[in-house]
Amino acid sequence: MATGRIVLGIESSCDETGAGIVSDGRLLAHAVASSMDEHARFGGVVPEIAARAHLQAFTPVVREALDQAGLRPSDLDAVAVTTGPGLSGALQVGLAGAKTLAYAAGVPLYGVHHLAGHVAADTLEHGPLPDPCVVLIVSGGHTSLLLVRDLVRDPIVHLGDTVDDAAGECFDKVARVFGLPYPGGPAMDRAAREGDRCAVAFPRPLSGPHDDPYAFSFSGLKTAAARWAERYRLRGEELPVADGAASLQEAVADVLTRKALAACRAHGVGTLVVVGGVAANSRVRALAEERCAAAGVRLRVPPMTLCTDNGAMIAAVGDLLVRAGARPAPLDVSVDPSAPLEYAALHPRRAG
């Protein structure tokens, strides 16, 4: 049983409905329902389908998390919920449910930035974040290098962000070109196991001496992979998917890890934290381990189940906010689907 204050976290920014329970940095329960299969035939997430799926899954997922922890709603001390960024309808379902739970239990509500949740997910496995640390966020819609001090007290410093397609977007779009199923990231990872990662010399975008050392761009890499595949098809030849997948993975992992280690060196930071859905990619993890070991930098990556979207990571931020004595969200807290990552707490207000 928990010895400290108990925080329920709700995540509904995209196609996963997540509920997690955290107390004093310890994960008590974690439940997720995914609507991914419902989106697969469309080749990507359909916002209306996602919102309806959240409506159906919300209560069962929260109940499952409470049952895992052996708790009742009346045992909760706070509720945290993703208020952005994400799909507007999906976010609103989660916020409405979280408001209802907080009101019924008579406890404070905290709005949480989705990406800060990914950062906090690592604390559930490895404990408090070092101050400072460099964080590499790699997900379907975001690729960012951050300098993080106190996650819930200090502003989050952006060292670099993606200027177009994020790493996860690149995997998804190229997977479709290669004829692989949605979601593209896991499909590419599976295909790459049988391939030669040196077979295709894909470019390493924004890696030149005059480029921004911490900015990311994966749109050109996506185009290069599409043109490579097109050449095979125009010749009527079978596409060597495994080699293409392995080579693309290598290009993405190379760029991500090179820039992340360069940031660690430049800022004198001894810990790199890699989070987000693409942190589950086997080559990204392996190359990060290899290069961090060579550079004498400690690598922290959450377990696979905490890399993708989940309620535990939102509960982790809520737990940190509660322990820091942060102010809860106002009664008219709303959602911000395009919220920039500035602070872990995100309490947008309704216009008017």
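So, helix 11 gives the most to the lining of the second largest pocket, with four residues. Quick word on terms: helices (H or I, at least four residues) and strands (E, at least two) are DSSP runs, numbered from the N terminus. And a pocket, on a 1 Å grid over the protein atoms alone, is an open set of points where a 1.4 Å probe fits, with protein on both sides within 12 Å along at least five of seven lines; a lining residue has an atom within 4 Å of a point.

Before I go on: this is a predicted model, where local features need pLDDT of at least 70 and side-chain atom pairs count only at pLDDT 80 or more, while totals for chains, interfaces and linings use all residues. Residues are numbered from 1 along each chain as its sequence is written, and side-chain values use heavy atoms, with hydrogens and water left out.

Okay, back to that second largest pocket. It has about 330 Å³ of space, where a volume is the space filled by probe spheres set on the grid points, and the points are joined across faces, edges and corners. Its lining has 18 residues, and the ones nearest the centre are T123, P128, L129, L320 and R323. Two elements give two or more residues to this lining: helix 5 (123-126) and helix 11 (311-323). By type, the lining divides into nine nonpolar, three polar and six charged residues. Here Ala, Val, Leu, Ile, Met, Phe, Trp, Tyr, Cys and Pro count as nonpolar, Asp, Glu, Lys and Arg as charged, and the others, Gly among them, as polar.

Now the largest pocket. How much space lies in it? About 1,100 Å³. It is lined by 38 residues, with S139, G140, G141, D172 and Y182 closest to the centre. Helix 4 (114-121), helix 6 (167-177) and helix 7 (184-192) are the elements that give two or more residues to the lining. Helix 6 has the largest share, six residues.

P183 sits in the loop between helix 6 and helix 7. There is also a cis bond from G84 to P85, with omega near -15 degrees. You can find P85 in the loop between strand 4 (78-84) and helix 3 (88-105).

While we're on the backbone, let's do phi. D24 has phi near 50 degrees, a positive value in a residue other than glycine. D24 lies in the loop between strand 2 (16-23) and strand 3 (26-34). With a relative accessible area of 39%, D24 is partly exposed; buried means under 20%, exposed over 50%, and partly exposed in between, with a 1.4 Å probe and protein chains only. L206 also has a positive phi, near 55 degrees, and is not a glycine. L206 is in the loop between helix 7 and helix 8, and counts as partly exposed at 27%. G208 has its place in the loop between helix 7 and helix 8 (219-234), and is partly exposed at 31%. From the C-alpha atom of G208 to that of L27 is 42 Å, and the two are 181 residues apart along the chain.

On to the rings. How many aromatic pairs does a search of the whole structure find? Four. Rings of Phe, Tyr and Trp (its six-membered ring) pair if their centres lie within 6.5 Å, and planes under 30 degrees apart count as stacked, over 60 as edge-to-face and the rest as tilted. F216 and F218 make a stacked pair, 6.3 Å centre to centre with 15 degrees between the planes. Both F216 and F218 are buried. K259 lies over the face of F216, 5.8 Å from the ring centre. A charge sits over a ring if NZ of Lys or CZ of Arg is within 6 Å of the ring centre and within 35 degrees of the ring normal. F178, F202, W228 and Y232 form one aromatic cluster, and the charged end of R235 sits over the ring of Y232, 4.9 Å from its centre.

Last topic, cysteines. The structure holds zero disulfides, a disulfide being a pair of cysteine sulfur atoms within 2.5 Å. C264 is in no disulfide either, with the sulfur of C292 nearest at 6.4 Å. C133 is buried at 0%, and C264 is buried at 2%.
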